[in-house]
Amino acid sequence: MSSSFFIKGKENPKLGKKGKNTAVTKRKGDGDPAGKGKVRAKKPNKYNEEISSESETESPAVPKKRQSNEEHVYEETPQEKKLRLAKLYLEQLKDEEEKRAEEDSFETDLIAGRLQEEVLEQKGKLQRLIAKDLIPPDASEIRVLRGHKLPITCLVIAPDDKCIFSAAKDCSIIKWDVESGKKLHTIPGGRKGTEDRHVGHTAHILCMAISSDGKYLATGDMNKLIMIWEAATCKHLYKFTGHKGPVSGLSFRKGTHDLYSASHDRSVKVWNVDENAYVETLFGHQDAITGLDSLSRERCVTAGGRDRTVRVWKIAEESQLVFHGHEGSIDCIQLINEEHMITGADDGSVSLWSVNKKKPLSTVKLAHGCHGDAGLEQPHWVASVAALQNSDTVASGASGCSHNSQVNVWKCGQNYRGLEPLFSVPVSGFVNSLKFSSSGQFLVAGVGQEHRLGRWWRLKEAKNGIYVIPLKRKPSNPEEAKVTE
């Protein structure tokens with residue numbers, strides 16, 4: 001049987017006066033190896049002392065050594081704490097090293113991926129599969145910006161996608177804010193005969209280009225002039241002269257301030273904008289050049305109008321490649337990547353090309369349908385084309401003989417060997433210019449009552465304006481990038 005009793009002990013200096021009397025329980029079997037016979041406090045407390053059942057009434061305090069051993073049950077010693085913290089610190093260091101190694105590996109992979117992408121881009125083998133995720137926008141989501149008095153002929157989007165520059169037959173240039181749709185700056189056009197005193201254009205502006213760093217804006221007009229502007233402030237910088245016909249195409253070489261220009265005088269000229277200098281002139285087309293484009297290679301591509309040729313100009317080699325395919329006047333051209341391009345013609349066809357093939361890889365005839373009475377149908381002219389760079393998405397715009405003209409968005413097949421219609425956006429008028437934003441978030445169309453190159457007919461019901469068309473995606477967006485073989 002067990003019994004309970006109180007022991008009056010000496011005052012413990014650790015406990016003070018409250019530690020004089022301590023309640024303990026005596027159990028049978030004291031000294032058991034299992035420790036069952038220990039005398040324990042009713043309420044565990046690190047300040048309670050354990051007393052042997054054999055101890056006398058006036059039992060001395062527990063030796064310090066034993067007390068230390070017993071306290072290990074409840075709290076660690078300073079040495080153990082140091083050891084535990086040291087181990088924890090070493091584990092943290094190890095985790096940080098592993099994490100840093102993973103991040104370094106990720107960054108290395110990222111850099112390698114970027115370099116590989118750049119190499120593939122240079123080779124023209126990078127094709128981002130974006131078209132499969134695009135869906136038609138609602139009519140209410142399309143914004144129309146109005147400010148030009150006459151038909152809009154050309155436009156460009158700033159590299160950061162924040163601004164749009166547009167020009168028209170009223171000789172004016174307007175800088176727009178994409179987000180708000182407001183005019184940021186207007187360069188008014190001048191009247192014919194005021195060239196000497198007017199800063200700006202005094203004839204129809206036919207083309208424009210912006211450098212890849214957004215520093216320079218170039219515009220070309222019917223008066224054979226090229227104007228260079230500071231894009232940020234719209235301040236006039238230089239005037240280039242030398243063409244003997246209207247300037248119909250402009251493009252900055254990507255990553256540089258080299259400017260290529262094309263003209264109805266059938267020539268291509270090269271300029272250095274930084275130096276305000278003319279470089280050289282290239283000849284080859286047999287008719288007025290109607291369009292020009294370039295990317296980062298030291299070359300440009302041109303559409304030759306009624307000579308029905310597309311040409312690739314290798315500037316450094318001083319050579320050119322000639323391509324045939326359309327049956328009508330080739331009025332517009334755009335590079336998709338360094339190896340592929342898209343063109344449109346007044347026979348209503350849209351073609352995809354490779355710089356390695358003399359004939360189109362794919363052609364869609366009557367891409368925008370026909371107009372006219374039965375038996376006398378005529379195709380809608382393709383007045384503009386655009387390409388989302390290094391992707392499988394392109395667009396074309398038709399001339400409007402009625403209110404039912406439209407912008408068509410197309411999906412390019414694998415290796416650009418096919419064109420599949422995705423959706424159409426109805427507009428009223430001539431779609432004289434098309435441009436995709438760098439991010440691929442929207443498409444901009446410059447629309448007018450007349451064709452940019454002439455006045456064959458006029459649509460009074462059409463509105464001169466800029467259509468900002470959002471490129472909506474499906475909710476789920478799988479991996480976008482794929483490299484073509």
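Student: Is Asp133 buried or exposed, and what is its relative accessible area?

Tutor: Asp133 is buried, at 5% relative accessible area. Buried means under 20%, exposed over 50%, and partly exposed in between, using a 1.4 Å probe and protein chains only. Remember that this is a predicted model, where local features need pLDDT of at least 70 and side-chain atom pairs pLDDT 80 or more, while totals for chains, interfaces and linings use all residues. Residues are numbered from 1 along each chain as its sequence is written, and side-chain values use heavy atoms, leaving out hydrogens and water.

Student: Which residue forms a salt bridge with Asp133?

Tutor: A salt bridge puts a side-chain nitrogen of Lys or Arg within 4 Å of a carboxyl oxygen of Asp or Glu. Here the partner is Lys132, with the closest N and O atoms 3.3 Å apart. Lys132 is partly exposed, at 30%.

Student: Where do the partners Arg306 and Asp346 sit in the chain?

Tutor: Arg306 and Asp346 form a salt bridge at 3.2 Å between the closest N and O atoms. Arg306 is in the loop between β20 and β21, and Asp346 in the loop between β24 and β25, 40 residues apart. Arg306 is exposed, at 56%, but Asp346 is buried, at 13%.

Student: Why is strand β20 largely enclosed?

Tutor: Strands are DSSP runs (E, at least two residues), numbered from the N terminus. In a regular strand, side chains alternate between the two faces of the sheet. In β20, residues 299–303, five of the five residues are buried, so the rest of the structure largely encloses it. Arg299, Val301 and Ala303 cover one side, Cys300 and Thr302 the other.

Definitions and conventions. Helix = DSSP H or I, 4+ residues; strand = E, 2+ residues; numbered from the N terminus.
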